[in-house]
Each structure stands twice: as C-alpha cells, then as structure tokens.
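My notes are set out below as numbered points.

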Amino acid sequence: MRTCHRLHRIRSGFEQDILYLKNYAERKAGTATGKSSAKHADTMRQNMARALSSHFEHCPECG
Ligand SMILES: [Zn+2]
C-alpha cells in the first residue's frame, strides 16, 4: 500500500507521544499520575487510529 509523507508525519507524531506517555506511565507505575498517563496513552492510540483512517478517506495519494 502506498502512503504519502503527510501520513508518516501524522503517525510518527502520535507514536512519539504515545511512547513518551507509556514510558512515563511505566516509571510512575502504581501512582495516580502513572495511571492517568497510561489512560492518556490509550486515548492517543484511539486518536491516532481515527486520524489515520480519516486521512485515508480524504487523501488522494494513500490507498
Ligand atoms: Zn496520504
């Protein structure tokens, strides 16, 4: 499947955020901040899925 540069930028941006939040959640495991960070990482993953699928629907280069 062919994907454009914009898609890679969207995905790598989200992946960096998710990774950062996951690492933070692991460092703070068992604490309230850790839990909220883990939850936020899940939310970001859902946002990424939504952003990517809406990109696929509208992008003339991807598909
Ligand atoms: Zn695209």
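1. The model is predicted. The chain holds 2 helices and 0 strands. Helix α1 covers residues 5-27, and helix α2 covers residues 32-58.

2. Overall dimensions. The C-alpha trace of the chain spans about 45 × 15 × 15 Å along its principal axes. Its radius of gyration is 14 Å, whereas a compact globule of 63 residues would have a value near 11 Å.

3. Burial and contact range. Of the 63 residues in the chain, 5% are buried. Among contacts with a separation of 6 or more, 57% are between residues 24 or more positions apart.

4. How are α1 and α2 arranged relative to each other? The two helices pack at an angle of about 170°, with their axes 8 Å apart. Because angles over 145 degrees count as roughly antiparallel, α1 is roughly antiparallel to α2.

5. The contact between the helices. On the α1 side, the residues are L7, I10, R11, F14, D17, I18, L21, K22, Y24 and A25. They meet G34, S37, A38, H40, A41, M44, R45, N47, M48, A51, L52 and H55 in α2. Sorted by class, this contact has 13 nonpolar, 5 polar and 4 charged residues.

6. E15. This residue sits in helix α1. Is E15 buried, partly exposed or exposed? E15 is partly exposed, because 13 other C-beta atoms lie within 10 Å; the buried class needs 20 or more, and the exposed class 12 or fewer. E15 and A51 are 36 residues apart in sequence, and their C-alpha atoms are 12 Å apart in space.

7. N47. This residue belongs to helix α2 and is among the residues of α2 that meet α1. N47 counts as partly exposed because it has 13 C-beta neighbours inside 10 Å. From N47 to G63 is 16 residues in sequence and 20 Å in space, C-alpha to C-alpha.

8. C62. The location of C62 is the segment after α2. With 15 C-beta neighbours inside 10 Å, C62 is classed as partly exposed. Which residues is C62 in contact with, leaving aside its neighbours within four places in sequence? The contacts of C62 are R2, T3, C4, L7, H55 and F56. Of these, L7 and H55 are also listed in the contact of α1 with α2. C62 and R6 are 56 residues apart in sequence and 9.8 Å apart in space, C-alpha to C-alpha.

Terms used. Residues are numbered from 1 along each chain as its sequence is written. This is a predicted model: local features need pLDDT of at least 70, side-chain atom pairs count only at pLDDT 80 or more; totals for chains, interfaces and linings use all residues. Helices (H or I, at least four residues) and strands (E, at least two) are DSSP runs, numbered from the N terminus. The radius of gyration is taken over C-alpha atoms; the globule rule is 2.2 Å times the number of residues to the power 0.38. Two residues are in contact if their C-beta atoms, placed from the backbone, lie within 7 Å. Axes are lines fitted to C-alpha atoms, for helices over the stretch in contact, and angles run from 0 to 180 degrees between N-to-C directions. Angles under 35 degrees count as roughly parallel, over 145 as roughly antiparallel, 65 to 115 as roughly perpendicular and the rest as oblique. Ala, Val, Leu, Ile, Met, Phe, Trp, Tyr, Cys and Pro count as nonpolar, Asp, Glu, Lys and Arg as charged, and the others, Gly among them, as polar.
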